[in-house]
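Here is a briefing on a structure.

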Amino acid sequence: MNDKPATGFAQDIDAMTLARAQRGDMAAFAQLYQRYARACFQLALRLTGQRQPAEDLVHEAFLKMMDTIGSYRGDAPFGAWFKRLVANTGIDWLRRQRHIAGVDAEEALEHASAMPVDTAGIVDADALLARLPPRARAIVVLHELEGYTHAELAALFGQSESYSKSILARALKRLQGLAATATSTSQVAL
Amino acid sequence: MSDDELYFRELAAGMPAARLEPLPPDLWPRIAASHASRQRRRRWRRLATGGSVVALVAGLAFSLTAWRHAVAPDIDWQSRAQALELQLDSLPMPAAKNPMAQLAESELAHLDSNLQAAYDRGAARGDMDALWQRRCELLDALLSVRRQQTLSTRI
């Protein structure tokens, strides 16, 4: 039996707080923020790769949640529903920034591969992810960490499933290369 | 599960856990303020929309009233009756009485007494107008009979 308390978006919320939030009660919204803001910020940081845009994304996602919580019917746990809302807000944000529409992901990965490998600062998986171009990073985060399928990603990005698969495979190969270099560099330094 | 997913999980597992970035302390107050401001804007929009609908309905009602007035303008039946009377007086009196003319004259006499009674009791303008309008119709009829008779006499 797993006694580990739920964290992040896996945390549950009591029905009373939820009902109050659905009536627009600000104190209930504050409770939802207390519970999910950190997970929301973490996902936003992974998607945007930068702190300030991540804050903006959290801001926008909470405003959207406050506007649309009335439509939440409880078919899925609230955390899962909210996580999807945050991820979709992240995709919209990336689109608005033209990080996705303006630069082709394959081109960006090609360009990144051609650059000299600088592994300084790669101290954890998130730092590793931050080295990927925005669209490739979003695909890795959503598929690998948030459980989106290739079909869903294809719909979100307006591309085919094979495109999403190809970007994911190339992004992971790039991450593998970066991780290997980072590991060998740190061993030399020691 | 695909090899790609397995690979990334293995890769992430081999690295230290990501450092949790602290949340900016003023983020919730900013979100709450934005939400309150959006709510206010929405309320104003609703009020403005409601106000526009009321203004539109009032405008339509006003236009309809104005249109009704334009279609059925106020007619001064009294002046018109007096003008018809003058026209009637200008025509020569026929030698023989026409039965239609007799009928109209008799009704006119009856109407005149009704009009007098209405004035005496201070009747409403609408009632007076109706009586004057009827007087005009009778005078019109009388006038056309008298014109017909005049024409026949000349021939």
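Helices (H or I, at least four residues) and strands (E, at least two) are DSSP runs, numbered from the N terminus. This is a predicted model, where local features need pLDDT of at least 70 and side-chain atom pairs count only at pLDDT 80 or more, while totals for chains, interfaces and linings use all residues. Residues are numbered from 1 along each chain as its sequence is written, chains are lettered from A and ligands numbered from 1 in the order in which they are written, and side-chain values use heavy atoms, with hydrogens and water left out.

Chain A has 9 helices and 0 strands. Chain B and chain A bury about 2900 Å² between them. The structure holds 15 salt bridges over all chains.

**Chain A overall**

- From the N terminus on, the element order of chain A is α-α-α-α-α-α-α-α-α.
- Of the 190 residues in chain A, 46% are buried. Buried means under 20% relative accessible area, exposed means over 50%, and partly exposed lies in between (1.4 Å probe, protein chains only).
- Take the contacts in chain A between residues at least 6 apart in sequence: 64% of them join residues at least 24 apart. A contact means heavy atoms within 4.5 Å.
- Chain A exposes about 9200 Å², and carbon and sulfur atoms supply 53% of that area. Accessible areas come from the Shrake-Rupley method with a 1.4 Å probe; for residues, only the protein chains shown count as cover.

**A:Thr17**

- A:Thr17 sits in helix 1 (residues 15-22) of chain A.
- A:Thr17 has a relative accessible area of 2%, so this residue counts as buried.
- The side chains of A:Thr17 and A:Asp14 are joined by a polar contact of 2.6 Å. A polar contact is a pair of N or O atoms within 3.5 Å; within protein, one must be able to donate a hydrogen and the other to accept it, and residues adjacent in sequence count only if both atoms are side-chain atoms.
- Leaving aside residues up to four places away in sequence, A:Thr17 touches A:Ala28 and A:Gln31.

**Interface of chain B and chain A**

- The size of an interface is often given as the accessible area lost when the parts come together.
- Here the buried area is about 2900 Å², and carbon and sulfur atoms give 66% of it. Buried area is the accessible area (1.4 Å probe) that two parts lose on being put together, summed over both.
- In chain B, B:Phe8, B:Leu23 and B:Trp28 lose the most area to chain A, together 24% of what that side buries.
- Chain B brings 26 residues to the contact and chain A brings 34 residues.
- The rule finds 5 residue pairs in polar contact across this interface (both at pLDDT 80 or more).
- On the side of chain B that touches chain A, helix 1 (3-13) and helix 2 (27-71) of chain B are the elements that give two or more residues. Helix 2 of chain B gives the most, with 9 residues.
- By class, that side of chain B has 16 nonpolar, 2 polar and 8 charged residues. Ala, Val, Leu, Ile, Met, Phe, Trp, Tyr, Cys and Pro count as nonpolar, Asp, Glu, Lys and Arg as charged, and the others, Gly among them, as polar.

**Salt bridges between the chains**

- Chain B and chain A share 3 salt bridges. A salt bridge is a side-chain nitrogen of Lys or Arg within 4 Å of a carboxyl oxygen of Asp or Glu.
- B:Arg30 pairs with A:Glu55 in a salt bridge, the closest N and O atoms being 3.2 Å apart.
- B:Arg42 forms a salt bridge with A:Asp67, with the closest N and O atoms 3.0 Å apart. B:Arg42 lies in helix 2 of chain B and A:Asp67 in helix 3 (residues 51-68) of chain A, so the pair joins two chains.
- B:Arg42 is partly exposed at 26% relative accessible area, and A:Asp67 is partly exposed at 32%.

- B:Asp129 and B:Arg125 meet through their side chains in a salt bridge (3.6 Å, N to O). The two are 4 residues apart in helix 5 (residues 125-154) of chain B, so about one helical turn separates them.
- B:Asp129 is partly exposed, at 24% relative accessible area, whereas B:Arg125 counts as exposed at 57%.
- B:Arg134 and B:Glu137 form a salt bridge, the closest N and O atoms being 2.9 Å apart. They are 3 residues apart in helix 5 of chain B, so about one helical turn separates them.
- B:Arg134 is partly exposed at 32% relative accessible area, and B:Glu137 is partly exposed at 38%.

**Network**

- Salt bridges that share partners join A:Arg51, A:Glu55, B:Asp26 and B:Arg30 into one network.
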